[in-house]
Amino acid sequence: MIKLAPSILSANFAALLEDVLKAEEAGAEYLHIDVMDGHFVPNLTVGPLVVEALKGRCRMCLDVHLMIENPDVFIDRFIAAGADLVTVHAEACRHLHRTLSTIKEKGAKAGVALNPATSPRLIECILPMADLVLLMTVNPGFGGQQFIPEVLPKIRQVRNMLDERGIKAEIQVDGGINASTAAAAVEAGATVLVAGSAVFGSGDIPSAIAQLRTAAMRVRLNDS
Ligand SMILES: O=C(CO)[C@@H](O)[C@H](O)COP(=O)(O)O
Ligand SMILES: [Co+2]
């Protein structure tokens, strides 16, 4: 089953809960919250206060994507605020094993993210402890960018690495995902689709979610 993770980066922040509940009613399983610090990526977004404001208001998995330097400093605060899943960038962690262990010890699921130019070899040793591998399909920092097709072989590579080791981690793809690009990502092995502009920027959240679901399911049906 493919899971959908609308990113609030493209939501209407003046009516955030309304947008979020529309996505939930339309069947989204995760709510993707992009945290940017102006250092790891050239943009600034939200912090734990927004996670806290949404906790208990929706049933979706609160999926926090940390695009920040030194994520260790903030992990506690995001989990205390209600994050169910915390994803850190391998590029931002000096001691990735320690960081993922901390996330799990504090009671959240642990995700590890890779930029388009980063090799999956960097995370080979810690794959058994990852609940999710996030493969960026744009360079992180902004919504509304174009999907980078060169990442597709990397999705396949991570799919094989997980399958060969019998690891059940999800593969999340993030950036430029819409009803046209979703199929290729799912075909390559992605199981969780992040979509910001294609959902919250669409003007019709339920129909955008339905279109993504149809695109993803078509691949799965063709497979079986
Ligand atoms: O992490 C990021 C961007 O750095 C994403 O989660 C974006 O929010 C996805 O936006 P779209 O590409 O779907 O518009
Ligand atoms: Co993201």
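I looked up the pairing of Gln-172 and found that its bridge partner in strand S8 is Val-192; strands are DSSP E runs of at least two residues and helices are H or I runs of at least four, numbered from the N terminus. S7 and S8 run parallel and are joined by 3 bridges, where two strands pair if DSSP finds at least two bridges between them. Between S7 and S8 the chain passes through helix H6 (residues 182–188) in a right-handed β-α-β crossover, meaning that, with the strands pointing away from the viewer, the path from the first strand over the helix to the second runs clockwise.

The model is predicted, so local features need pLDDT of at least 70 and side-chain atom pairs 80 or more, while totals for chains, interfaces and linings use all residues. Residues are numbered from 1 along each chain as its sequence is written, and chains are lettered from A and ligands numbered from 1 in the order in which they are written.

On the other pairing, I noted that S6 (residues 132–136) runs parallel to S7 with 5 bridges, and that Val-133 is opposite Ile-171. From S6 the chain reaches S7 by way of helix H5 (residues 152–165), again as a right-handed β-α-β crossover.

I then checked burial (20 or more other C-beta atoms within 10 Å of a residue's own, C-beta atoms being placed from the backbone; 12 or fewer is exposed, in between partly exposed). Because 5 of the 5 residues of S7 (residues 170–174) are buried, the strand is largely enclosed by the rest of the structure.
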